[in-house]
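Subject: Structure for your review

Dear colleague,

My findings follow after it.

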Amino acid sequence: VDVADVGAFTRYRLTTRADDGVVVYVNGTEVARVNLPAGTVGPNTYATAAPTTTSATNNPVTVDIPTSVLRNGSNVVTAEVHSNYRSTPTASFDATIVASR
């Protein structure tokens with residue numbers, strides 16, 4: 001995500017969904033975690049819940065990204081999506097970031 005001037009906006013809001021679990025990072029700093037245990041998350045970490053895609057879509061995860069993790073220029077947003085295989089074999093992902101003054 002390219003941001004010409006971080007200070008030009010007062011809020012950077014990320015909206016995503018947790019189907020089944022999600023961790024979102026901005027420039028390497030965790031900014032959101034839903035339905036995943038605390039601590040280090042790895043490829044064998046299961047989500048702690050198994051909402052349906054419909055439920056996850058109808059209950060979005062919204063987080064204000066701290067401006068302290070953003071920088072002028074190029075910013076890297078990454079996400080890990082984890083399934084709860086004990087209850088569901090599927091997962092979905094979607095995300096938006098909206099800047100406002």
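A residue is called buried here when its relative accessible area is under 20%, exposed when it is over 50%, and partly exposed in between (1.4 Å probe, protein chains only). By that definition Asn-27, with a relative accessible area of 19%, is buried.

This is a predicted model, in which local features need pLDDT of at least 70 and side-chain atom pairs count only at pLDDT 80 or more, while totals for chains, interfaces and linings use all residues. Residues are numbered from 1 along each chain as its sequence is written, and side-chain values use heavy atoms, with hydrogens and water left out.

**The two sheets**

Helices (H or I, at least four residues) and strands (E, at least two) are DSSP runs, numbered from the N terminus. Two strands pair if DSSP finds at least two bridges between them.

Six bridges connect strand 3 (residues 21-26) with strand 7 in the antiparallel sense. Within strand 7, Ala-79 is the bridge partner of Val-24.

A further open sheet has three strands in the order 5-2-8, and here too the pairing is antiparallel. Its edges are strand 5 and strand 8 (95-100), each of which pairs on one side only. On average, and with direction ignored, neighbouring strands of this sheet are turned by 20° against each other. Strand 2 pairs with strand 5 over four bridges in the antiparallel sense. Opposite Thr-16 stands Val-61 of strand 5.

**Nonpolar core and surface patch**

In soluble globular proteins, nonpolar side chains tend to be buried together. A nonpolar core is defined as a set of buried Ala, Val, Leu, Ile, Met, Phe, Trp, Tyr and Cys residues joined through side-chain atoms within 4.5 Å. The largest such core has 15 residues, of which Tyr-12, Val-24, Val-26, Val-31, Ile-65, Val-69 and Leu-70 touch the most other members. Strand 2 (11-16), strand 3, strand 4 and strand 5 (61-64) are the elements that give two or more residues to this core. Strand 3 provides the largest share, three residues.

On the surface, Val-1, Val-77 and Ile-97 form a nonpolar patch with about 210 Å² of accessible area together. Patches are made of residues with over 30% relative accessible area and no salt bridge, like charges being joined within 9 Å and nonpolar side chains (Val, Leu, Ile, Met, Phe, Trp, Tyr) within 5 Å. Accessible areas come from the Shrake-Rupley method with a 1.4 Å probe, and for residues only the protein chains shown count as cover. Val-1 belongs to the segment before strand 1 (2-3).

**Salt bridges**

Side chains of opposite charge can pair when their charged atoms come close. With a salt bridge taken as a side-chain nitrogen of Lys or Arg within 4 Å of a carboxyl oxygen of Asp or Glu, the count comes to three.

Arg-11 forms a salt bridge with Asp-64, their closest N and O atoms being 3.7 Å apart. This pair links distant parts of the chain, since Arg-11 is in strand 2 and Asp-64 in strand 5, 53 residues apart. Asp-64 also meets Arg-13 in a salt bridge (2.8 Å, N to O). Arg-13 lies in strand 2 and Asp-64 in strand 5, so this pair ties together parts that are 51 residues apart in sequence.

Arg-33 and Glu-30 form a salt bridge with the closest N and O atoms 2.8 Å apart. Through shared partners, salt bridges join Arg-11, Arg-13 and Asp-64 into one network.

**Backbone points to inspect**

Most residues other than glycine have a negative phi, and most peptide bonds are trans. The peptide bond from Asp-19 to Asp-20 is cis, with omega near 10°; Asp-20 is in the loop between strand 2 and strand 3. Asn-27, in the loop between strand 3 and strand 4, has a positive phi of about 50° although it is not a glycine. Asn-35, also not a glycine, has a positive phi of about 60° and is found in the loop between strand 4 and helix 1 (53-58).

With kind regards

Methods. Axes are lines fitted to C-alpha atoms, for helices over the stretch in contact, and angles run from 0 to 180 degrees between N-to-C directions.
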